[in-house]
Amino acid sequence: MLNRKIPEFIWINGKFVPYNESNIHVLTHSLHYAGAVFEGIRAYNGKVFKLEEHTERLLKSAEHMQLDIKYTAKEINDITYQLLEKNSIENAYIRPLIWRGAESVAIHTLDLSVNILIAAFESQAKFVSNLKLKLGKWRKPSPDSMPPQAKSSTHYGMAVAAQSMAQAQGYDDSLILDYEGFVAECNVANIFFGKGSRIVTPIADRFLNGITRQSVMLMAKKIGFEVKEARIHLEELADYDYCFLTGTAKEVGGIGTIDLERTVLNFPDPEEKVKLLQSEFAKMVGK
Ligand code: PMP
């Protein structure tokens, strides 16, 4: 059972379906072979933050995964607002998903339907601080093995396992390295390191280039931060004064500890610059 307030309707393949009737078959292809694509989006006081960008990424992800969806970006955007209205939700976490149906258990996709749903849950994020990270056991795959910008369930097996391992040991999240051992991101969020008014974040060509990440970079530049993208070695991390993550779910979250096993990094948190970025972020999204 869902651990949050149940929405009245989920939109599935063109219809608003009551929550309790919104089921799929156990032989659903995307459950067995992954390959579904999805988004995580937030609405603040009735306005969806960066909806066009999220829908564009959803459709691009579908293209990467060979999912031929018949809805246009405009239709998906309109339906998203209709769904919020139908469920009377103003502050929401929105989850569109495109997946292959249950018409066959074979790997090939010839007979398979392509389906789409959009769910919206009432949700209001609070800024978090002092997050505890543990170095992840597994690395991001090389971008040659899977398109990193596809937000596909195919990528999330590892993120879910890493999150589960981290939480079992009392951590909030993981620090994940890329296939060459450079710092990449957290399980489902991007990462930044800061010193004074300079912030640096890993180059997003080996993992998801978050929409929050891009928005925070622009926002930070506007308020006088120097923002850099770079390949970051683990050894450099001790030089930074503060650290935070960005993503739709946690927005801008302060990181207090990174356990690298051989050494543990501690960042002061709450930290003045992170707090400044959080309050600017709140203004930007209209929270
Ligand atoms: N990386 C991964 C792996 C993610 O799942 C997410 C969440 N979508 C992010 C980064 C942050 O992306 P965004 O800011 O677009 O939510």
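Q: In this predicted model, which element gives the largest share of the lining of the second largest pocket?
A: Two elements give two or more residues to the lining of this pocket, α2 (51-64) and α5 (211-222). The largest share is 5 residues. That share comes from α2.

Q: What is the volume of the second largest pocket?
A: The residues that line the second largest pocket include Lys-50, Glu-53, Arg-57, His-64, Asn-209 and Leu-218. By class, the lining has 2 nonpolar, 5 polar and 5 charged residues. The volume of the pocket is about 300 Å³.

Q: How many residues does β4 give to the lining of the largest cavity?
A: A search of the whole structure finds 1 cavity of 30 Å³ or more. β4 (41-44) and α5 each supply at least two residues of the lining of the largest cavity. β4 gives the most, and its contribution is 3 residues.

Q: How much space lies in the largest cavity?
A: Among the residues that line the largest cavity are Ile-41, Arg-42, Tyr-44, Phe-49, Thr-248 and Phe-281. The lining divides by class into 5 nonpolar, 4 polar and 2 charged residues. The space in the cavity is about 70 Å³.

Q: How far is an oxygen atom of the ligand from an N or O atom in the side chain of Thr-212?
A: The ligand is surrounded by 14 residues, and Thr-212 is one of the closest, along with Tyr-156, Glu-185, Ile-211 and Thr-248. The shell divides into 5 nonpolar, 6 polar and 3 charged residues. For the side chain of Thr-212, the distance to the ligand oxygen is 2.5 Å.

Q: What percentage of the ligand's accessible area does the protein cover?
A: The side chain of Lys-151 has an N or O atom 2.9 Å from a nitrogen atom of the ligand. On its own, the ligand has 380 Å² of accessible area. Of that area, the protein covers 95%.

Q: Is Asp-178 buried or exposed?
A: Asp-178 sits in the loop between β9 (173-177) and β10 (183-185). A polar atom of the Asp-178 side chain lies 2.8 Å from the backbone nitrogen of Glu-180. The relative accessibility of Asp-178 is 2%, so the residue counts as buried.

Q: Why does Ser-142 count as buried?
A: Ser-142 is found in the loop between β8 (131-135) and α4 (153-168). The cut-off for buried is under 20% relative accessible area. Ser-142 counts as buried because its relative accessibility is 18%.

Q: How far apart in space are Ser-142 and Val-160, C-alpha to C-alpha?
A: Ser-142 lies in a loop. In sequence, Ser-142 and Val-160 are 18 residues apart. In space, their C-alpha to C-alpha distance is 19 Å.

Q: Which residue has the backbone oxygen that the side chain of Asn-190 reaches at 3.0 Å?
A: Asn-190 is found in strand β11 (residues 190-195). Asn-190 is buried, with a relative accessible area of 4%. At 3.0 Å, the side chain of Asn-190 reaches the backbone oxygen of Leu-208.

How values were computed
Residues numbered from 1 in each chain as written. Predicted model: local features only at pLDDT ≥ 70, side-chain atom pairs only at ≥ 80, totals over all residues. Heavy atoms only, no water. Near = heavy atom within 4 Å. Polar contact = N/O pair within 3.5 Å; in protein donor to acceptor, adjacent residues only side chain to side chain. Areas by Shrake-Rupley, 256 points an atom, 1.4 Å probe, with all protein chains shown as cover. Nonpolar A, V, L, I, M, F, W, Y, C, P; charged D, E, K, R; others polar. 1 Å grid on protein atoms, 1.4 Å probe; cavity = no way out; pocket = protein on both sides within 12 Å on 5 of 7 lines; lining within 4 Å. Points joined across faces, edges and corners; volume = space filled by probe spheres on them. Helix = DSSP H or I, 4+ residues; strand = E, 2+ residues; numbered from the N terminus. Buried < 20%, exposed > 50% of the residue type's maximum accessible area, 1.4 Å probe, protein only.
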